[in-house]
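This briefing covers a structure and the two ligands placed in it. Please look at the sequence and the model below before reading on.

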Amino acid sequence: MVQKERIVSLTPGETQSGPVLYWMSRDQRVADNWALLHAQEEALARQAPLAVIFCLVPAFLGATLRHYAFMLDGMAEVERRLARLGIPLFLLLGEPAEEIPRFVQAGQVSLLVTDFDPLRIKRRWHEGMAAEIAIPVHQVDAHNIIPCRYASPKLEYSAATLRRKLNRLLPQFLEEFPLLKTHPFPWSCPVLPVPWDDLLARLPLDRTVTPVDGCAAGEAAAHQLLEEFLHERLEGYAVDRNDPNRDGQSHLSPYLHFGHLAPQRAALAVAAGGPSDSREAFLEELIVRRELSDNFCWYNDRYDRVEGFTDWARKSLDKHRDDPREYRYGSESLERGESHDPLWNAAQKGLLLTGRMHGYLRMYWAKKLLEWSGSPEEALATAIHLNDRYALDGRDPNGYAGIAWSIGGVHDRPWGDRSIFGMIRYMNYNGCLRKFDVKGYVVRSEERCDGEGR
Ligand code: FAD
Ligand code: FO1
């Protein structure tokens, strides 16, 4: 049922009988989850109980109340959906390397299943845990349509080099998901409901970055948004997606980031409508660009450092390190959106307020940070800090890859040499004026911010 190419054995060990545990982390959903499907397959083969565990860490890559509130709402829905299938959810608070082995031991778990995530912090969690775990551990890539390790054994240079490999494998992997079954073997000990509200209240979070209005979390909200996008906005995607004044993007990224929606589900739904330039354009972003980001973070563990940029880009940025900067801003004024550039300020203030920034503006936003910071290192650190602190879809491989593309030419080619940027692709205000109604965007953004009393 679950293709073996999606499963990697992190820790070998002989197959024993006894309960199976899925440690959910990246793919926080019940439907369309290959890791959960594999865990149930293994539990049924053992005629054993199945449970899901989530280890809540009090700090995660600068996440604030905005992100934890969204995530825990989504996890509460996971608990409800699992309960209907006779599968308990356990929530542990603390470091996974300590909490997971302890639970495995106490529950006499015979197999631990985890999901795949290329971020450094997750590797550390797995490495920390591996020394304490004596049972087999299977890692299942439930996030990528073509499993990241299987799609390519190496760091890909650009979308073009990975696209060929993905397209060849799509017929094999872009398949319908089987349904999860009601689990016939109950968990041995009684299961207490998770106290979600007081959990959130107890977390030592930065509560100044507040939840985003009108953005409900969880699987149901994600599927509703997908349906709305398919019926109302997909057909204009090829044209509208690069115009911040047109509501042309899907807004699915927070749901994909937290795993409330499987990218494969979105791809199946879009592809079902038959070929069109908008559908092709959307699948290019959803499959190729997104899976290229996982490839970047998995095979380049310096994905958030200037050392992780390509050689030509590093050399070029070094050559221009001492070029005069016409504008220089500290991170506080940038955080408040107080530069000389009204378009950049509008994008930044929109990020503060809505946790979102239009894809086209994100490129411009990051490239201006390169232009106005004292060094590429400072620009990179500011971009990651602001993106991970305010964007609902932040702390994601797409973010590290998108910022590295903008500031370090990753997955891009060299352009004509110029001051500060070197051969990194340049973007400027006049370029935006030619692309879309900048003034209209700024006015509408100021109205929205005033309306919210910012
Ligand atoms: P759509 O245009 O509707 O695309 C659908 C999905 O395709 C997205 O949700 C995403 O999963 C994927 N996708 C689209 N564009 C890209 C891309 N360029 N690279 C990788 N995947 C893509 N994306 C994040 O998920 N989190 C981030 O923190 C993030 N930070 C970024 C920072 C910069 C500087 C740049 C240039 C891009 C960043 N992106 C990030 C990628 C992209 O801008 C967003 O995924 C997209 O704008 C999200 O909106 P959407 O879901 O409406 O996109
Ligand atoms: N994953 C966990 O397993 N436990 C957490 O407590 C946790 C917190 C968290 C907060 C913000 C955020 O954006 C992600 C968070 N994640 C957590 C990880 C997330 O599920 C994704 O795996 C990665 O961020 C994407 O690669």
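Helix H12 gives 6 residues to the shell around ligand 1, the largest share. The model is a predicted one. Ligand 1 takes up the space of the largest pocket, while ligand 2 sits in the largest cavity.

**Ligand 1: where the shell comes from**

- Helix H12 spans residues 277–299, and H12 is the element with the largest share of this shell.
- At least two shell residues each are also supplied by helix H10 (253–257), helix H16 (359–372) and helix H18 (397–408).
- Ligand 1 lies between domain 2 (148–177 + 219–300) and domain 3 (306–451), because both domains give residues to its shell.
- There are 26 residues around ligand 1, and those that come nearest are Tyr237, Ser250, His251, Asn387 and Asp393.
- By type, the shell holds 8 nonpolar, 12 polar and 6 charged residues.

- Tyrosine 237, one of the residues that come nearest, has a polar side-chain atom 2.6 Å from an oxygen atom of ligand 1.
- In the side chain of glutamate 285, an N or O atom is 3.1 Å from a nitrogen atom of ligand 1.
- Arginine 362 places a polar side-chain atom 3.4 Å from an oxygen atom of ligand 1.
- The protein buries 92% of the 810 Å² that ligand 1 exposes when taken alone.

**Ligand 2: where the shell comes from**

- The shell around ligand 2 counts 18 residues, with Ser25, Asp117, Lys122, His257 and Arg395 as the closest.
- Strand E3 (50–56) and helix H4 (120–130) are elements that each supply at least two residues of this shell.
- The largest share, 3 residues, is that of E3.
- By type, the shell around ligand 2 is made up of 11 nonpolar, 3 polar and 4 charged residues.

- Lysine 122, one of the closest residues, has an N or O atom of its side chain 2.5 Å from an oxygen atom of ligand 2.
- Arginine 395 is also among the closest residues, and a polar atom of the arginine 395 side chain lies 2.6 Å from an oxygen atom of ligand 2.
- For glutamine 28, the distance from a polar side-chain atom to an oxygen atom of ligand 2 is 2.8 Å.
- Ligand 2 exposes 520 Å² when taken alone, and the protein buries 100% of that area.

Methods:
Residues numbered from 1 in each chain as written. Chains lettered and ligands numbered in written order. Predicted model: local features only at pLDDT ≥ 70, side-chain atom pairs only at ≥ 80, totals over all residues. Heavy atoms only, no water. Near = heavy atom within 4 Å. Polar contact = N/O pair within 3.5 Å; in protein donor to acceptor, adjacent residues only side chain to side chain. Areas by Shrake-Rupley, 256 points an atom, 1.4 Å probe, with all protein chains shown as cover. 1 Å grid on protein atoms, 1.4 Å probe; cavity = no way out; pocket = protein on both sides within 12 Å on 5 of 7 lines; lining within 4 Å. Sits in = over half its atoms within 2 Å of the grid points. Helix = DSSP H or I, 4+ residues; strand = E, 2+ residues; numbered from the N terminus. Nonpolar A, V, L, I, M, F, W, Y, C, P; charged D, E, K, R; others polar. Domains from an automatic or database assignment.
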